[in-house]
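Subject: The structure I promised you

Hi,

Here is the structure we talked about, with notes on what turned up in it. Have a look at it below and then read on.

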Amino acid sequence: MSENETVRAAIVQTRWTGDRDTMIAAHVDYAREAALQGAQIIGFQEVFNAPYFCQVQEQKYYSFAEEIPGPTTDTFRALARELSMVMVVPIYEREQGGFLYNTAVVIDADGTLLGKYRKHHIPQLPGFWEKFYFRPGNLGWPVFDTAVGKVGVYICYDRHFPEGWRALGLAGAQIVYNPSATSRGLSSYLWKLEQPASAVANEYFVAAINRVGIEDEYGDNDFYGTSYFVDPEGKFVGEVGSDSEPELIVRDLDLGLIETVRNRWAFYRDRRPDAYGPLTAP
């Protein structure tokens, strides 16, 4: 990690362009613009190079899945190396036939593919038929030691479950990226509540990313953006993103605040794991 405790971080919220190639090209452009603004790390939205096809249940959309490493990760590894930028790249992963995951890879600033996180909690609800497409994650909650610090990932529906947030904190996460595809409706009131609360409870920064727009070919979910960074005190870092327009959001994160807050509240000191056994009972 850099000796400088301030990290300039970026997130991207955008609309589905209509095909994979133009979606990838758009995100290459976003990354280049972020680099011009001095960003050292960037993260994209859930299954960034695809539509949110989970609004319907059709096998033809399995074709959006790809291997890791593969063409998309190769593209962004080269770009990360060129821009000296850490990247969090969420992809529909094909491990082998029938083994498909909602995954995010973390690429270091030298282009090294550090590893991946697979979404643990898979919803099966109207407009979010994800069990049709994804197996539950099986790689734990890794934290990646990057050029800008220790970075973790949690994906969309995961955010409703406190256990993974805590696992990332226990593993040393300083910034947790949460790429999402969240639409207006039942959960919208939670969007600016849950992730700040989780940042406070676990005393790290959270990058909350949500796509925008209605993807008519796949359903009528209205993805409302409002992406943001939140600090360990639960405060938004700068303005929250637009609720309707694509946006590149770049913010300075003072990682020194993490130790200040942890010393103040001592949540990790005062944990009682010896008493938590019943919480893991089925």
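On helix α3, the face turned away from the buried side carries the exposed residues Pro 162 and Glu 163. Please keep in mind that this is a predicted model. Which residues of α3 are buried? They are Gly 164, Trp 165, Leu 168 and Gly 169. Looking down the axis of α3, you will find these buried residues within an arc of 140°, so they line one face of the helix. What do they pack against? Their partners are the strands β8 (143–146), β9, β10 (175–180) and β11 (205–210), together with the helices α4 (191–202) and α5 (256–265). Just after α3 comes Gly 172, with a positive phi of about 100°.

Next, the aromatic rings. The count comes to 27 aromatic pairs. One of them joins Tyr 117 and Tyr 154: the ring centres are 6.4 Å apart and the planes stand at 50°, so this pair is tilted. It links distant parts of the chain, since Tyr 117 belongs to strand β5 (residues 113–118) while Tyr 154 sits in the loop between β9 (149–153) and α3 (162–170), and 37 residues separate them. Both Tyr 117 and Tyr 154 are buried.

Another pair is Tyr 157 with Phe 161, whose ring centres lie 5.5 Å apart with planes at 70°, so the pair is edge-to-face. Here Tyr 157 is partly exposed, at 25% relative accessible area, and Phe 161 is partly exposed too, at 27%. There is also an aromatic cluster formed by Trp 16, Phe 53, Tyr 61, Tyr 62, Phe 64, Tyr 92, Phe 132, Tyr 133, Phe 134 and Tyr 218.

Two arginines are worth a look beside the rings. The charged end of Arg 118 sits over the ring of Tyr 101, 3.8 Å from the ring centre. Arg 166 lies over the face of Tyr 268, and there the distance to the ring centre is 5.4 Å.

Finally, some backbone details to check as you trace the chain. Ile 68 and Pro 69 are joined by a cis peptide bond, with omega at about 0°. Pro 69 is found in the loop between β2 (41–43) and α2 (71–83). Ser 84 has a positive phi of about 55°, although it is not a glycine, and its place is in the loop between α2 and β3 (86–96). Thr 226 is another residue other than glycine with a positive phi, near 50°. Thr 226 lies in the loop between β13 (222–224) and β14 (228–230), and this threonine is buried, with a relative accessible area of 9%.

Happy exploring, and do write back with any questions!

Best wishes

How values were computed:
Residues are numbered from 1 along each chain as its sequence is written. This is a predicted model: local features need pLDDT of at least 70, side-chain atom pairs count only at pLDDT 80 or more; totals for chains, interfaces and linings use all residues. Side-chain values use heavy atoms; hydrogens and water are left out. Rings of Phe, Tyr and Trp (its six-membered ring) pair if their centres lie within 6.5 Å; planes under 30 degrees apart count as stacked, over 60 as edge-to-face and the rest as tilted. Helices (H or I, at least four residues) and strands (E, at least two) are DSSP runs, numbered from the N terminus. Buried means under 20% relative accessible area, exposed over 50%, partly exposed in between (1.4 Å probe, protein chains only). A charge sits over a ring if NZ of Lys or CZ of Arg is within 6 Å of the ring centre and within 35 degrees of the ring normal. The arc is that of the directions from the helix axis to the C-beta atoms. Contact means heavy atoms within 4.5 Å.
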